[in-house]
Amino acid sequence: MYIRQLKVERKLSIAASQQALGGQAKAKPKVKAKAKTKAKKSLKSPKGKVAAAAWSQSHAGPHSVYAHSKPRVAAVKESAKVQRPRRVREEKDGSQYKILQQTIQSNLECFLFLQQPEKAERLLLLYHSSPAKRKLLNVNAYNIVMRSWARKGCLQRINRLFSMLESVGLRPSLDSYAAALECMGRSQSSTKAIWRCVQQLKNDGFHVDELFQKCLFEEDEKEKVLRAIRIVQPNYQLPPPPNPQTCKSSLLQDFYSKEKLVSYPKLDFSVQELQERFQQQLELELDSTVTIESVESTKPVTPQAIKARKLLATLRSRWHDSILQALQKSKHNMSQLKTVSGYNILYPYLCLLPDEEYVGIMLQILNTFSPQGESLAVLARELGSKVYNRYITQRKLRSRQLEKVQEVYEDYIHLLAKDSQPDEYLPREYWEKLVAEAGFGPSLNLKDCSWPYMLLMRLGMHMLELLVQAVKVPRNILNPRLEHKLIPVLYHIYSFRSSWQVGLIKPHPIFSQIVSDAAETLLTFNSSAIPMLCPPVPWTSPHFGAFVLNDTRLMRFVDGAIQHQLLLEQCPPVNLHPVLDALNQLGNCAWKINQPVLDIIISIFNDKGNEKLDIPPPISEAPRPPAAPSNSSTWNKSQKQEVLLYKKKTAEMHSLRMDALYKLSIANYVRDKVFWFPHNMDFRGRTYPCPPYFNHLGNDVTRAILLFAEGRPLGPKGLDWLKIHLINLTGLKKKSALQERLEYANEIMEEILDSADHPLTGRKWWMNTDEPWQALACCMEIAKASRSPDPAAYISHFPVHQDGSCNGLQHYAALGRDLIGASSVNLMPCNVPQDVYSAVAQQVEEFRKKDAEQGVKVAQVLQGFVSRKVVKQTVMTVVYGVTRYGGRLQIEKRLKEIDEFPEEYLWEASHYLVKQVFNSIKEMFSATRDIQNWLTDSAKLIAQSGRTVEWVTPLGLPIVQPYYRSSSTVLNCGMQNLSVKNSSSNQKPDTVKQKNAFPPNFIHSLDSTHMMLTALHCLRRGLTFVSVHDCYWTHALTVDVMNQICRQQFVALHSEKILQDLSEFMLEKYCRYSSPVGKPPPLSFPPTPIPLPGVVVPRCSRVVSSAWGLLWREAVLPS
Amino acid sequence: MLAGRAPPGAAGCCRRFLAAALRPLLCGLPSCWATARRAAGQWPSPSLRVPEAAEAERLVQQVQRTGVPLRRFIACPQLARTVQRCLQGGASPGPQPVLLECAPGPGILTRTLLNAGVRVVALESNSAFLPNLQSLENSLDGQLKVIYGDFFRLDPLTGTVKPPAMCSDKLFETMGVAAVPWRADVPVRIFGILPQRKERNTLWRLLFALYECNSIYRYGRVELNIFISEKEYKVLTAKPGEARAYQALSVLCQIGCEIQLLHMEPWSSFVTNLKNGGLAVPKSMWLPNDHLCLVRLTPQQNLFTRGLKPTNSATFIFMVKQCLAKPKSRLTDRLNSWSLDNGGKLQRALEIPKNAETRNLYPEDYRRLFEALQNSNMFTETWFHDEVLESIRNINL
């Protein structure tokens, strides 16, 4: 809500400045997003004027509902004066101010939720009555209080708030009128009063229809408003929903064209089945946590464990009681506190949920403590956000948002279910259509109510302090000889890391001992850590999508950063459609578990683990602790070292083991189910599955146990692709053409079958590959397929991967139209796969030879040391903007690893080599460095002018780099002062980061665009498609089609004038900006490095015909 | 001996150049000066010419600076004389221990000290400075010994020891200094300018070594005469209640050594090896920092009496650091948060007020607190000991 308000205010102020520019601004339709917002701006400003005029007219009206008509005229005049400095102030101290505003509003929201309008009003008055603090209030703050009175039907109070608004010169917003009308509808006001209110609304420049189009109603608010309106206009009909807009991006013309609509692919489930799955998912999320059996539960329970479990159970019930007591006591103290404001800032936040829920959250944290402890900041954030998430769930329940979602979802699954009519809609379109038909308007979105980060931390710290105080254990519980005394289970200690100190909370060894003895086999997760059991709710806006209840953000960002969210909200919704549709497509892929592989992995995991196969062994397999005298103070240095190394090793083993335990247990929990990974993205548009532990982005082990739920026949070439995929997984034959890889697979067929049939007892060929578990899974699939009577008809669920080769350089080569570069990263047809690292090494070697002949000493010393390995890392990271400094360190490291290399030349040689590597890349990718330099220079200029670098991807996703000069705010908490890094309280950009990160971020935004384009076009061709960044997965049957789409889209993407568009965007954004407040003069950018119009991009299948190194397809598998 | 010599072939052309540049400085020595000296440990002055400041500065600038960290040098003969007087001041009569000069660079102070009859071991880490020091060594008859090595990279904790890093036993063997008991007199005196980048770290490392009788302190109570920035000096000597300055470092340093301020000199009197000749004065927010302070740190003779021993001193250091991590916290809360037993009783016995904040305790109070805890066997029973180990790991591994 408040963000919307800010937006409007900002627009107004910009609009004002733009009027000075005259009509000039409107004549720039080039960048769509830009033009749109501008159109809005210019619309807004005259409206504002009209409204102001209308408002003052309304005072003349004889029967205003609102009392005190006398002083009003004066107030309005004053308001004109007041508003000016307010606006300037708002822009000046930006975020700090926003955070304060946000804090006040979230406090008011709490009172609204708690249905305590008196308290809300008291808080509001506290600010309202002080001229200094009043500046922190905007109309939304007043609206929240109005809404809480409206719910009680107290019209007088609302009237009073209206006059308060007026007295400080704020205009009522649409929401203010909604609250007034709701109250009138509730309290059956007279027709006259309602009529006057509606009249004022109109005088203020609003329309009655807008109430139902824009207000985010909760509970029965909408019905009450409608009722009030129908009292004065008995025939009033709700406004029709707005017509859906279609994205006009040239890259997606085909995709969105109405003529070529295809029905959405069906899942292999009936409506009934999907309905049931949705119910399961809903119940899961309503519980907010889920407790599952770990895979270790199959082990027999020792008597010692039984004893420890009993002990733990009694301790837990005791802890539960003492935490509850401590919580209630602290709440009581807070409520008694008589401060100026009359309440403690945290108090309302401790009332939102039943006490038991807070206790539950704290006990849950206690259960997850590892013996090494955890930093205070992490714990505080976790506690705080757990409370927040449950509060949001409660709000969704209470506001009847969930009911509506449920209703829409039930219809929505008809799009996906096999037993319903096919519909030619995308999931998002279909969802929007259903919402419109049900007449819900925008009310599926919850009013924005996020808590400021500081508040989250403060709340978390308070709970943590309670936990540390309340949880105690008898000191003699494991050793009855000691005297009985209660000691805290958690202790607070500082860890020193060079110049700074970190506060840690650690569990007492007694506690860790009991927990490890008990070897409990139940694991508790947040419900969002489990894959979804039904197709995700489609993304329809930046706030809405993914899980049913769990709050998920469309864009991931670091805590406290609000820039991305603001940018997404300002962006016209239609521009986000491609991105939303791509995310929906990725999230709609159904998965299942590869049970035989999972069983083998679990058997090894529960046995002794296997480090070579990446199955972490249990702690019991750790090397014995070194034998040392029991009295530790007499240890000598080497004994201490030994003990330390042992501790370090066990700590590492523990965390690896737990990570694997979580993944395998979740996999085991869904082993018989079909499940989905809802997706979101980072600020550059790279997509990620939301569940954190178990997903297809994981390591070899997790990838090996995932299969597509949907099966497809292998088709004529599917088996060959499976075999090639297997060889790719082994890491062998890297330099061979696909045909050779296939031949090699056929040669070793015996080994493959042996691995599949006797994975643990046979010759174990699969164990010696790069990705052993995926290789094993692939062996098994090949075995089954090749033994089936007709391999082409064999139904396969197996995902086949296609990898990009040095994807960043591929994009640079295409951007710069570098022919030599393009061929070295497999963008050009060639008989054998090219290896860019070897090519660079070769080039460097040539330079070196020349220098050596001319007597350059270091070049002579380096004879025989220039290899692919030495240069690989540097070449790879060149794309990510590695500097000479970093590159030298990388090469130095590699040279150090070579025993024969003379040490005294390390510095000189690495210095020389990094120079040659850069020269070689410049030679091969002549334009890459130019493009990088151009990007870097531009970013530097932008950052130096005090702004952050922004751009829009070819798909229309707005991007802002979230790097600011960090400033930290110290949270003064009882236990420890917490320094919270606060990126948004200081709007000054971090120039170095803005500059250095721009080239790689820009390239990442391109590779994500390419992935999304591929995803969308694969959808149109009916393919199953998922991605791990630049690695694309599909069924063996459809690999060829996917490769074709991948190439087409790569060509299509790079046929756009990407750099030119970027240059124009930046000129538009950063150079035309003139503002009344002392902003720096317009920037003048360096010209775009590539004069694009002159270069013609060859169409698909000629030059750029083999992205992803897949050109050899033609040679191998003639179609 | 081997460890101390310059590596073959390392210096290249620099060596030749510098040696040539300095050779004339040695002219004019009386040819027989070597015969009549070494009376009662005091060497007669060799009357070396000490180059002028500008000349020294030029020498510093001529040394190629590739991968060499920021260093400060004494270039001005006056300053060198002041330092020499400070170092010799307060010396007891009788044979003087050898003076180890760390990182002499162009050798201005070295010459001044030699002229004053001091026996000097010069430990130089930049091989480019070595040739001129070595030719000086050769021209004298044993009054100067030059070693290739870096005092501030002594006894590295990880990895192999590659020159100029070196082991203290090698260094002391080369110097010909043998270990003496802790309570004995100072076996060797050391002069140096603390490298600025890791000033704080170096101080911590020296203190750890001192408390554990490691490294140079294995040879007895080695006396350090070091130039440190004024802000660090303020910290080392801060008293309870001095906000911001009183830290764990203050407590540990004051318990560990006697601290004497010998001299204060403005930053501008020193020459840096920066290309632009900048001074690179470190910033200080709260404490004054206009000078470099020449400080003498002499380890306390009675350090390891009562409860404190080299074996348990890590616990003491850890306890002090934990207490002063948040100086405004109350000692009671700290003790309780470690789930130590009977914190209150202990505090009463030590007559520390119940509401005392950790920043109000005198260094000696910490020592008494530690001794009391040690005597009640509190540390060995709790997790405290594991944490101490952990903290050692954070420092050493």
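1. In this note, two residues are in contact when heavy atoms of each lie within 4.5 Å. B:A248 touches B:W204, B:V320, B:K321 and B:L324, leaving aside residues up to four places away in sequence. B:A248 belongs to helix α9 of chain B, residues 248–256; helices (H or I, at least four residues) and strands (E, at least two) are DSSP runs, numbered from the N terminus.

2. Basis of the note. This is a predicted model, in which local features need pLDDT of at least 70 and side-chain atom pairs count only at pLDDT 80 or more, while totals for chains, interfaces and linings use all residues. Residues are numbered from 1 along each chain as its sequence is written, chains are lettered from A and ligands numbered from 1 in the order in which they are written, and side-chain values use heavy atoms, with hydrogens and water left out.

3. Confidence. The model scores ipTM 0.75 and pTM 0.80. The average pLDDT of chain B is 82, and 81% of its residues score at least 70; pLDDT is the predictor's confidence in each residue, from 0 to 100. For residues 1–37 of chain B the pLDDT is below 50, and this stretch has 52 contacts in the model beyond near neighbours in sequence.

4. Chain A as a whole. Chain A has 42 helices and 23 strands. Among the contacts in chain A with a separation of 6 or more, 75% come from residues 24 or more positions apart.

5. Chain B as a whole. Chain B contains 15 helices and 9 strands. Its 397 residues include 56% that count as buried. Of the contacts in chain B between residues at least 6 apart in sequence, 76% join residues at least 24 apart.

6. Helix α9 of chain B. Because 9 of the 9 residues of α9(B) are buried, the helix is largely enclosed by the rest of the structure. Among these buried residues are B:L249, B:C253 and B:I255. The cover over them includes the helices α7 (199–212), α8 (230–236), α10 (313–324) and α13 (363–375), together with the strands β7 (257–266) and β9 (291–299), of chain B. B:A248 counts as buried because its relative accessibility is 10%. The C-alpha atoms of B:A248 and B:L130, which are 118 residues apart along the chain, are separated by 38 Å.

7. Strand β6 of chain A. Strand β6(A), residues 500–507, is mostly covered, with 6 of its 8 residues buried. Strand β5 of chain A, residues 490–497, pairs with β6(A) in the antiparallel sense over 8 bridges; two strands pair if DSSP finds at least two bridges between them. In this pairing A:F496 has A:Q501 of β6(A) as its bridge partner. Strand β2 of chain A, residues 374–375, is also joined to β6(A), running antiparallel, by 2 bridges. Here the bridge partner of A:E374 is A:I505 in β6(A).

8. A three-stranded sheet in chain A. An open sheet of 3 strands has the order β17-β23-β22, with antiparallel pairing. Its edge strands are β17 (799–803) and β22 (1026–1028), each pairing on one side only. Neighbouring strands of the sheet are turned by 30 degrees against each other on average, direction ignored; the axes are lines fitted to C-alpha atoms, for helices over the stretch in contact, and angles run from 0 to 180 degrees between N-to-C directions. Strands β22(A) and β23(A), the latter spanning residues 1031–1035, pair in the antiparallel sense over 3 bridges. A:V1028 stands opposite A:C1031 in β23(A).

9. Cysteines. A disulfide is a covalent bond between the sulfur atoms of two cysteines. A search of the whole structure finds 0 disulfides over all chains, where the criterion is a pair of cysteine sulfur atoms within 2.5 Å. The closest cysteine sulfur to that of A:C1031 is in A:C1046, at 11 Å, which is too far for a bond. A:C1031 is buried, with a relative accessible area of 5%. For A:C571 the closest cysteine sulfur is in A:C247, at 10 Å, again too far for a bond. A:C571 is buried, with a relative accessible area of 9%.

10. Record annotation. In the model, residues 138–172 of chain A are 77% helix and 0% strand, with the end C-alpha atoms 10 Å apart.

Key
Buried means under 20% relative accessible area, exposed over 50%, partly exposed in between (1.4 Å probe, protein chains only).
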